[in-house]
Amino acid sequence: MAGMVPIEIVESKFHQDVEKYGKAKDFSKGEMLFSPEELQKKFFFVLEGRIKVSQINLSDAKEQTLKILSSGDMYDVVTLLDGKVHENLLHALDDVRVIVFPIDVVKKWMQEDANFNKILFPYISQQLRDMEELALDLSFYDTPSRLLKLITKNINPDNPSKLNLIHNLPHEELAALIGTVRKVLNRHIQQLKKDGIIEVKRKNIEIKDTQKLLDNLPL
C-alpha cells in the first residue's frame, strides 16, 4: 500500500518538464480530489498525505476501499494506459499535496523515455499484485482473517507496535478496506483486544503481541 516512487527521482530525471508542466495542488482532509473525467487529462504524484481510492455500490451504498495512496504513489496508471474514464472516487484522508501533470506529458515520458518506464512498470506490477491480493482476500478469507492481514501488512518495521498506512483511521475507513461495516469490524477489534494481540488508543491500533498476531494469521 505504501508509496514506492520517490518524487525526487522524477524531479531529477524530468527536471525541465517538472518545472514547465508540473503544478502543486493542495487538498484539505475530507475533500474529494479530481473527478474521473478530470483524470482523463491529468496525472499526479502524491507528495504528502494519504488518499483513499474507493468505489461505491449504488444499490446499497456500500463502499469498498481499493487502496490508499501515500507519498511516492502515482495516479492514474489505468487511464494513462487506456485513456478511458476510471470510475474511482478519491478522498483526502489527511491534508494532501500532489504534483499534477497533463496526462499527455506523462504519456510522452512513457513512449519516449526508458528511464521513466523503469519507474512506471515496476509500479504498475505492484499495483496489479495488490489488487489481486485484495480480490483473493475478499473471496477466500473471513472478516477476522482479513483484519489480521491488514494489520500485519501495515506493521512499521522500525517500531513493530505501531502501524504505517492505517494509523489513526476511523473504524469506518478500516472496515471499507476489508469489505465489511463498522459494527462487524468493532466486534473483531474487541476480540483482538481481549486476546491480548492489540490495544486501541485514540483511534490508533497498537500491537501488543506481534508473535501472537503472526500465529493467528491464516495460512
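Leaving aside its neighbours within four places in sequence, which residues is F44 in contact with?

Author: Happy to! Keep in mind that this is a predicted model. Once neighbours within four places in sequence are set aside, F44 is in contact with L33, F34, L39, I51, L69, D73, M74, Y75, L90, V98, I99 and V100.

That list leads us to the core around F44. The largest nonpolar core has 33 residues, and F44 and I51 touch the most other members. Several elements give two or more residues to this core: strand 2 (42–48), strand 3 (51–56), strand 5 (74–75), strand 6 (89–92) and strand 7 (96–102), together with helix 3 (77–82), helix 4 (103–112) and helix 5. Apart from this core lies another one, of 23 residues, which includes I151, I166, I178 and L185.

Now let's follow two of the contributing helices, helix 4 and helix 5. Their axes are 6 Å apart and they pack at an angle of about 105°, so helix 4 is roughly perpendicular to helix 5. On the helix 4 side, V106, W109, M110 and E112 make the contact, while helix 5 brings A114, F116, N117 and L120. By class, these residues divide into 6 nonpolar, 1 polar and 1 charged.

Helix 5 (residues 114–140) also packs with helix 6 (residues 143–153), at an angle of about 150° and with axes 10 Å apart. The two are therefore roughly antiparallel. Here D130, E133, D137 and L138 in helix 5 meet R146, K149 and K153 in helix 6. This contact has 6 charged residues, 1 nonpolar and no polar ones.

Methods
Residues are numbered from 1 along each chain as its sequence is written. This is a predicted model: local features need pLDDT of at least 70, side-chain atom pairs count only at pLDDT 80 or more; totals for chains, interfaces and linings use all residues. Side-chain values use heavy atoms; hydrogens and water are left out. Axes are lines fitted to C-alpha atoms, for helices over the stretch in contact, and angles run from 0 to 180 degrees between N-to-C directions. Helices (H or I, at least four residues) and strands (E, at least two) are DSSP runs, numbered from the N terminus. Angles under 35 degrees count as roughly parallel, over 145 as roughly antiparallel, 65 to 115 as roughly perpendicular and the rest as oblique. Contact means heavy atoms within 4.5 Å. Ala, Val, Leu, Ile, Met, Phe, Trp, Tyr, Cys and Pro count as nonpolar, Asp, Glu, Lys and Arg as charged, and the others, Gly among them, as polar. A nonpolar core is a set of buried Ala, Val, Leu, Ile, Met, Phe, Trp, Tyr and Cys residues joined through side-chain atoms within 4.5 Å. Buried means under 20% relative accessible area, exposed over 50%, partly exposed in between (1.4 Å probe, protein chains only).
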